[in-house]
Structures are given as C-alpha cells and as structure tokens.
Amino acid sequence: MIRIGQGFDAHRFREGGRLVLGGVTVPHTHGMEAHSDGDVVIHALCDALLGALALGDIGQHFPDSSEEYAGIDSRILLRHVVSLVGERGFRLVNADITIIAQAPKLAAHLPQMQAILAADLQTTPDRVGLKATTTEHMGFTGRKEGIAVLAVVLLDDA
Ligand code: MG
C-alpha cells in the first residue's frame, strides 16, 4: 500500500533569537516566535508524515501547552514521528518540501538542510526534495513577517 500526506506550517518572525530551518541555523535579523525551536520546515514535514497515516497532527503529539516541549529541537520531534511511521510498517518513498520566504536567502543552506532531513528520515538526500521560493513581495511572507512551508510525502509498506 502507498499513502500520501501533506503538511503546512507558518511561523511569525520575532526580533532576536535563532532562525532554525530544516535543522540548520540560518543567519538572519530575526528568529521565530514558537513554543519549540520554531523549525517550520520540520513541523510541516512532521504533519505530512502524520497525515499520510491519519495519525493527527504535530500539535496533538507534542502539545504547545506542555513544558516538556518548550524550546525543543524539532529534530527530536521529527525522529519520533519517523519512528511512529516505522512502527506501523511504513517507510518514506520520498518527500517534497517548499519553503516560502522572502527573506533570508536560503539557496546556500538547502543542501545542508536536505542532508539533515534525509538523516532523520532514515533515507538518502535524493529522496528529499527541498525548494525555496519567494512570493514576489506579496502576502505575509512577502512582507517578511514570517515563513511558511508546504510538505508532501509518499510512504509505502513494502
Ligand atoms: Mg509550527
């Protein structure tokens, strides 16, 4: 059986702090407003994985009301979600991710993000599509108020 999942997340910038995207700390004037480390790439990816198996969403698994997850490295959340997928007998065929950001420029960071995500997904980088786009200055990402991410995954039980 194959299963498809989609995920979306958006986070607002805040003054100061670290900007972590796909496990990579990206130099920027702003960090993310979030309960966790605010890694919006990993959050969208987790939701896609959970969605593929109808396991709810990241907020149900890791409530932002819980002190346990305050400031947590989102890679820990991703690895947990990957373990849930494995426990159900599924593995990743491929993932495809689009980061929507006017700023900062991300192209130079994508290969490192791809390698990190592939490691946590227990797959190879050639199965992790990762792209960044702007919205030509339109909307909240275009005004540099935050970053949004779309993720799609395909799983199989082979
Ligand atoms: Mg989030």
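Guide: Helices (H or I, at least four residues) and strands (E, at least two) are DSSP runs, numbered from the N terminus. With those names, β1 (2–15), α1 and α2 (58–61) each give at least two residues to the lining of the largest pocket. Please keep in mind that this is a predicted model.

Visitor: What else is there to say about the lining of the largest pocket?
Guide: It is made of 16 residues, and Ser36, His43, Ile58, Phe62 and Asp64 lie nearest the centre of the pocket. By class, eight lining residues are nonpolar, five polar and three charged. The space inside comes to about 280 Å³.

Visitor: How do you know that the span of α1 agrees with its number of residues?
Guide: The expected span is 1.5 Å times one less than the number of residues. For the 13 residues of α1 this gives 18 Å, and the end C-alpha atoms are 18 Å apart, so the two agree.

Visitor: What makes α1 "mostly covered"?
Guide: Buried means under 20% relative accessible area, and 12 of the 13 residues of α1 are buried. Among them are Val41, His43, Asp47 and Leu49. Just after this helix, alanine 54 takes a positive phi of about 55°.

Visitor: What does leucine 49 touch?
Guide: Leaving aside residues up to four places away in sequence, leucine 49 touches Leu78, Val81, Val82, Val85, Leu92, Leu121, Val153 and Leu155.

Visitor: Why is aspartate 120 called buried?
Guide: The cut-off is under 20%, and aspartate 120 has 4% relative accessibility, so it counts as buried. This residue is found in helix α4. Leaving aside residues up to four places away in sequence, aspartate 120 touches Arg75, Leu78, Arg79 and Val82.

Visitor: What do the buried residues of α4 pack against?
Guide: They pack against β2 (20–21), β3 (24–25), α1, α3, β5 and β6. Just after α4, glutamine 122 has a positive phi of about 55°.

Visitor: Why is glutamate 136 called exposed, while lysine 144 is called partly exposed?
Guide: Exposed means over 50%, and partly exposed lies between that and the 20% limit for buried. Glutamate 136, at 60% relative accessibility, therefore counts as exposed. Lysine 144, at 46%, therefore counts as partly exposed.

Visitor: What makes the backbone at these two residues worth a look?
Guide: Most residues other than glycine have a negative phi. Glutamate 136, in the loop between β6 and α5 (139–142), has a positive phi of about 55°. Lysine 144, in the loop between α5 and β7, has a positive phi of about 60°.

Visitor: Where is there a cis peptide bond?
Guide: A cis peptide bond joins alanine 103 and proline 104, with omega at about -5°. Proline 104 lies in the loop between β5 and α4. For background, most peptide bonds are trans.

Notes. Residues are numbered from 1 along each chain as its sequence is written. This is a predicted model: local features need pLDDT of at least 70, side-chain atom pairs count only at pLDDT 80 or more; totals for chains, interfaces and linings use all residues. Side-chain values use heavy atoms; hydrogens and water are left out. Contact means heavy atoms within 4.5 Å. Buried means under 20% relative accessible area, exposed over 50%, partly exposed in between (1.4 Å probe, protein chains only). On a 1 Å grid over the protein atoms alone, a cavity is a set of points where a 1.4 Å probe fits but cannot get out, and a pocket is an open set with protein on both sides within 12 Å along at least five of seven lines; lining residues have an atom within 4 Å of a point. Grid points are joined across faces, edges and corners, and a volume is the space filled by probe spheres set on the points. Ala, Val, Leu, Ile, Met, Phe, Trp, Tyr, Cys and Pro count as nonpolar, Asp, Glu, Lys and Arg as charged, and the others, Gly among them, as polar.
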